[in-house]
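Welcome, and thanks for taking a look at this one with me. Please have the sequence and the 3D view side by side as you read.

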Amino acid sequence: MTAPPSDEKEETDRPDENRPEPEPGSPRLTPETLLLLVDPVVSRGGDSYERTEVLARVDINISSFYENRALASIIEERKKARAPSRRRSLSRRVSDGLEAILPAAVTGGGPDANASDRPLSEAFYCVITSELMHEPTIDPDGYTFERNAIISWIRSKGTSPVTRNAVSERDLRPNGAIRILLNVEAARPDGEIHPSVAKWREEEPKAIQDLNLPTQEEIDALLPQVRIFLCVFCCIILFRLAIFLFFFYVAYNYPLLGLLWLVIEFLCYYRSGNGDSGSGVETTALLPGGNSNNV
C-alpha cells in the first residue's frame with residue numbers, strides 16, 4: 001500500500017490547481033490495490049489512501065482529506081459479490097450442472113458469456129446527470145459528481161446536491177480512484193464491456209452550459225408566483241373551513257335552519273346533475289348535416 005503525501009504545511013484556502021501533487025516517486029495505486037482499501041480517503045491531489053495509514057503519519061493533517069464514499073461503495077459491492085453464499089438456489093445448482101456436462105454452445109458459454117449484462121456500480125454514475133462520469137470530482141462531504149455538473153450546480157445554488165451544505169468550487173478535488181476503475185471497465189474487450197461504458201468511451205463530457213440547470217435568478221423569479229399561489233390556496237381552504245364551521249353552528253343552535261340548508265344544498269346538487277346529464281342529449285343537432293342523433 002502506498003503512503004499518502006504530506007500536506008500539513010499547505011494552506012487549505014488555496015485553489016486546487018495551486019496545491020502540489022504527491023511527493024515525486026510515490027507509486028500510484030492500481031485497481032487491485034484500490035479495492036483492498038477499507039476506509040478510503042482522498043488527498044488534495046485526488047489520490048485515495050487508507051485512513052489508518054494517514055492517521056499514522058504525524059506530518060499529515062487528516063482533516064484535509066475527504067471521505068471517498070464512492071470508492072467505499074464499490075469496495076463493499078465487490079466484497080459481497082465475491083463472498084460465497086451459504087445457500088445456493090436449485091436453479092443455480094442445475095445451471096452449474098448443465099454447464100459441467102454440456103458444451104458451451106448449448107449452455108450459452110462460460111462465466112464471461114454475459115459479462116456485458118452485469119450491472120455497473122451506482123458509484124460510477126453522477127447523481128446530477130444520472131450518467132457515467134468522465135471527470136469524477138469529489139466534494140468535502142465525500143460525494144462524487146461529474147465535474148462540469150457539480151460546478152454548474154454550485155454556481156447556481158452554492159450548496160451540495162446531496163447534503164445541502166455550503167460548498168465552493170475550490171473545495172472540489174478530482175477522484176482519481178473512480179476514474180481509474182472506469183478506465184478499467186472501458187479497457188475490457190468488446191465482448192465483455194458494458195454497453196453503457198462502451199457508449200461513455202465514445203462520448204465527450206457535457207459542457208457546463210449544456211446541463212440546463214435552473215439558475216438562482218430563475219428560481220428567485222418564480223418565488224413571487226409561488227407565494228401568490230400559496231396565499232390563494234390557503235384563503236380557499238380557510239373559506240371552506242369557515243363555511244363548514246358556520247353550518248355546524250347553525251345546525252347545532254337552529255336545527256330547522258340546518259335542515260333547510262341541507263334541503264337547499266340537495267336540490268341545487270340534484271338540479272345541477274340533471275342539467276349536466278341533459279345538456280348533451282340533442283347536441284348533434286347543432287352540428288352540420290342537421291342530424292339529431294342522441295349523444
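Below are a few numbered points on a sheet, a helix residue and the cysteines.

1. A word on the source before anything else: this is a predicted model.

2. Let's begin with the sheet. It is an open one of 3 strands, arranged in the order β5-β4-β6 with antiparallel pairing. The edges are taken by β5 (144-146) and β6 (173-174); each has a single partner strand, so one side of each is left without a neighbour in the sheet.

3. Now look at how β4 meets β6. Strand β4, residues 136-138, runs antiparallel to β6 and is joined to it by 2 bridges. To find the spot in your viewer, go to threonine 137, which stands opposite proline 174 in β6.

4. Helix α6, made of residues 147-157, lies across β4 and β5, and its direction is at about 95° to β5.

5. Beyond its neighbours within four places in sequence, isoleucine 178 is in contact with Ala70, Leu71, Ile74, Ala123, Phe124, Met133 and Pro136.

6. Finally, how many disulfides does the structure hold? The count is 0. Cysteine 231 is in no disulfide, and its nearest cysteine sulfur, in cysteine 235, lies 6.6 Å away. Cysteine 126, at 1% relative accessibility, counts as buried.

Notes. Residues are numbered from 1 along each chain as its sequence is written. This is a predicted model: local features need pLDDT of at least 70, side-chain atom pairs count only at pLDDT 80 or more; totals for chains, interfaces and linings use all residues. Side-chain values use heavy atoms; hydrogens and water are left out. Two strands pair if DSSP finds at least two bridges between them. Helices (H or I, at least four residues) and strands (E, at least two) are DSSP runs, numbered from the N terminus. Contact means heavy atoms within 4.5 Å. Axes are lines fitted to C-alpha atoms, for helices over the stretch in contact, and angles run from 0 to 180 degrees between N-to-C directions. A disulfide is a pair of cysteine sulfur atoms within 2.5 Å. Buried means under 20% relative accessible area, exposed over 50%, partly exposed in between (1.4 Å probe, protein chains only).
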